[in-house]
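Please examine the model below.

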Amino acid sequence: MKNIDKRSTILIVDDVPDNIRLLGSILDGEYQVMFATGGQEAMVCAVAELPDLILLDVMMPGIDGFTVCAWLRDNEHTSNIPVIIVTAMHDIDAETRGFASGAVDFLTKPVNPPAVRARITAQLALKRQREELEKANAQLRELAEFDVLTGLPNRKLFQDRLQQAVVMGERNQGIFALMFVDLDRFKWVNDTLGHDAGDTLLIEVAQRMKSVVRKSDTVARLGGDEFTVILTDMQHDSMAELVAHKILEQLATPFTLKGQEIAISGSVGIALFPGDGTTTLELTKNADSAMYQAKEAGRNTFRFFSQELNRLASRRMNLEGEMRQACQKNEFFLDYQPKVKSTTGQIIGMEALVRWDHPREGILFPKQFIPLAEGTGLIVPIGSWVLRTACRDAACWADKGYPDLKLAVNLSALQFREGDKLLNLVEEILQETGFPARNLELEITESMMMTNTEQTASTLWKLRDLGVAIALDDFGTGYSSLALLKRLPVQILKIDRSFVNDMQPGSNNAAFISAIISMAKQLGLHVVVEGVETAEQLEVTTSQGGNDVQGFFFCPPLGRAAFLELLHGRIPLGGRAGVPRL
Ligand code: C2E
Ligand code: CA
Ligand code: CA
């Protein structure tokens, strides 16, 4: 017995019930048959049931067969259903109109049963073939756009995407990067381990490369061991550098091929739109040429096409390498900037500020190397060195007759993330140097407090238990919530110097500072105003009563020896002339 679901379905449309009955009896048993007695009903039924074929009468009241046929052709759901027109008399005109409206064949009444069956069989076979062809076409399209081995977009699709990126880049005035990536030892793998090992390697490389870019970026394989990456939506050109680093890192991680650990590496060339080219041709040429530069530079590295970007990147890389050694080579040193009680002009403490005496570049200030140190994690050992050295210096000054000076040391978020390790370090250093915990202030930033608040809070409380004070640095630049401030053991607010910078009496910033000071005092917090450069600024900051002040008006950061001289009074504290007015 035939499975009823597998039979083709045929919709018979005719306004005369006898005609339907006749056609139905011819087809019954072999096909699953449905009926409609008018044009409207035929259209609804065709869309709802999607029959395999339609036998359509032309002469019907209301909507006639030609109209129904044309409508079915235009409807995307029904356009593939073959329609055979059935009409009462042999009429050349009806035949022409039927084909014009999209019918595939034509039958005349009275119908000849074998002819009906034969035509239907032929049309259904044609339909099946057409569908198989479409499936094969889709497969071909896929083959034409994707690399069979890795499943990545191939050269053709890559070209399309690159063209699209150029169009989008022009429209949004955005920047994007094109990278060429070439494996350095692919030929060697192919020659020594065989082609199937080479194939496995390419598949793995494709996966690793995809893992370091966003979904919206394109990783493509052009052929052989040549890969490309299109990075869209770039905020800054250093993003391309970051991704290049990640790709090189992925390639340098050993691959297991045929049970062996194989080390390969890659060379990456980068061209940026629009700086290095505004057409796909230019960009492709320049990324390729940058890749050859990377190969010539000794492989396992990347090169920008732009020499200027290469210079910046290589400077950053050199600096990173040199920073790794700077601690041992004793190239870091600290300056100290006094904190002054505004009412008396008395030095009550100092902030330790790190500098790097770089062998080639001279003295580097924090903004020239701290971001890099944070990016590489080197801030953790550097920060330990700073804390140890500062406590040692301050303990030494205590011995020389200044035992009550408060020492402020900056902490990076990365050090803070170390949790208990940081806590142990602080304890160890205090013990080792003999500097009292009650005189140590650790400065953290607002953003540090807002991220990972649970762990942060716990570390802060433990530091507080040691007797260390916590200062909130650069206050006003982030989004501190006052509720949070109340819950955390913060004792000191350092108001960011940007508020002090452009501040006239009566200006918004002056009002802001006044408001912060009075709020801080209500919360029982101590306030330090940073970056005070002029007597006018000092006046505004002290209008709410006495605060501690730090800034060039009194003194810039000084070297260790000079700071001791300042303490001894052998270097005058600047701005003092202005102070007596207070
Ligand atoms: P900060 O903690 O806000 O440090 C104060 C900065 O303001 C210092 O810059 C100081 O020289 C500067 N400054 C002081 N008074 C004035 C003034 O009246 N006018 C102006 N325009 N500037 C003034 P420096 O030394 O360049 O430090 C910059 C930043 O680097 C620091 O900002 C701090 O966030 C970071 N930093 C410094 N040393 C360390 C450290 O040892 N560890 C960590 N993690 N960060 C540090
Ligand atoms: Ca600070
Ligand atoms: Ca600050």
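A charge sits over a ring if NZ of Lys or CZ of Arg is within 6 Å of the ring centre and within 35 degrees of the ring normal. The model is a predicted one.

Q: What makes Arg208 count as lying over the face of Phe255?
A: Arg208 is placed at 3.6 Å from the ring centre of Phe255.

Q: Over the face of which residue does Arg185 lie?
A: Arg185 lies over the face of Trp188, with a distance of 4.0 Å from the ring centre; the limit is again within 6 Å.

Q: Why is the pair of Phe553 and Phe554 called edge-to-face?
A: The ring centres are 5.3 Å apart and the planes stand at 75 degrees. Centres must lie within 6.5 Å, and planes over 60 degrees apart count as edge-to-face, so the pair of Phe553 and Phe554 takes that name. Both residues are buried.

Q: What makes the aromatic pair of Phe332 and Phe369 tilted?
A: The centre-to-centre distance is 5.9 Å and the angle between the planes is 35 degrees. Planes under 30 degrees apart would be stacked and over 60 edge-to-face; the angle of 35 degrees therefore leaves the tilted class.

Q: Why does the pair of Phe332 and Phe369 tie together parts that are apart in sequence?
A: Phe332 belongs to strand S13 (residues 332-341) and Phe369 to helix H12 (residues 366-376), so the parts joined are 37 residues apart in sequence. Both Phe332 and Phe369 are buried. Together with Trp356 and Trp385, they form one aromatic cluster.

Q: How do you know that Arg497 makes a polar contact with ligand 1?
A: An N or O atom in the side chain of Arg497 is 2.6 Å from an oxygen atom of ligand 1. The cut-off for a pair of N or O atoms is within 3.5 Å, so the pair qualifies. By that rule Arg355 qualifies at 2.9 Å, and Asn410 at 3.1 Å. In total, 21 residues surround ligand 1, and Arg355 and Arg497 are among the closest.

Q: Which residues have the most contacts inside the largest nonpolar core?
A: They are Leu407, Leu440 and Leu442, in a core of 84 residues. Helix H13 (residues 379-399) gives the most to this core, with ten residues. Beyond its neighbours within four places in sequence, Leu407 is in contact with residues including Tyr336, Met350, Phe435 and Leu440.

Methods
Residues are numbered from 1 along each chain as its sequence is written. Chains are lettered from A and ligands numbered from 1 in the order in which they are written. This is a predicted model: local features need pLDDT of at least 70, side-chain atom pairs count only at pLDDT 80 or more; totals for chains, interfaces and linings use all residues. Side-chain values use heavy atoms; hydrogens and water are left out. A nonpolar core is a set of buried Ala, Val, Leu, Ile, Met, Phe, Trp, Tyr and Cys residues joined through side-chain atoms within 4.5 Å. Buried means under 20% relative accessible area, exposed over 50%, partly exposed in between (1.4 Å probe, protein chains only). Helices (H or I, at least four residues) and strands (E, at least two) are DSSP runs, numbered from the N terminus. Contact means heavy atoms within 4.5 Å. Rings of Phe, Tyr and Trp (its six-membered ring) pair if their centres lie within 6.5 Å; planes under 30 degrees apart count as stacked, over 60 as edge-to-face and the rest as tilted. A residue is near a molecule or strand if one of its heavy atoms lies within 4 Å of it. A polar contact is a pair of N or O atoms within 3.5 Å; within protein, one must be able to donate a hydrogen and the other to accept it, and residues adjacent in sequence count only if both atoms are side-chain atoms.
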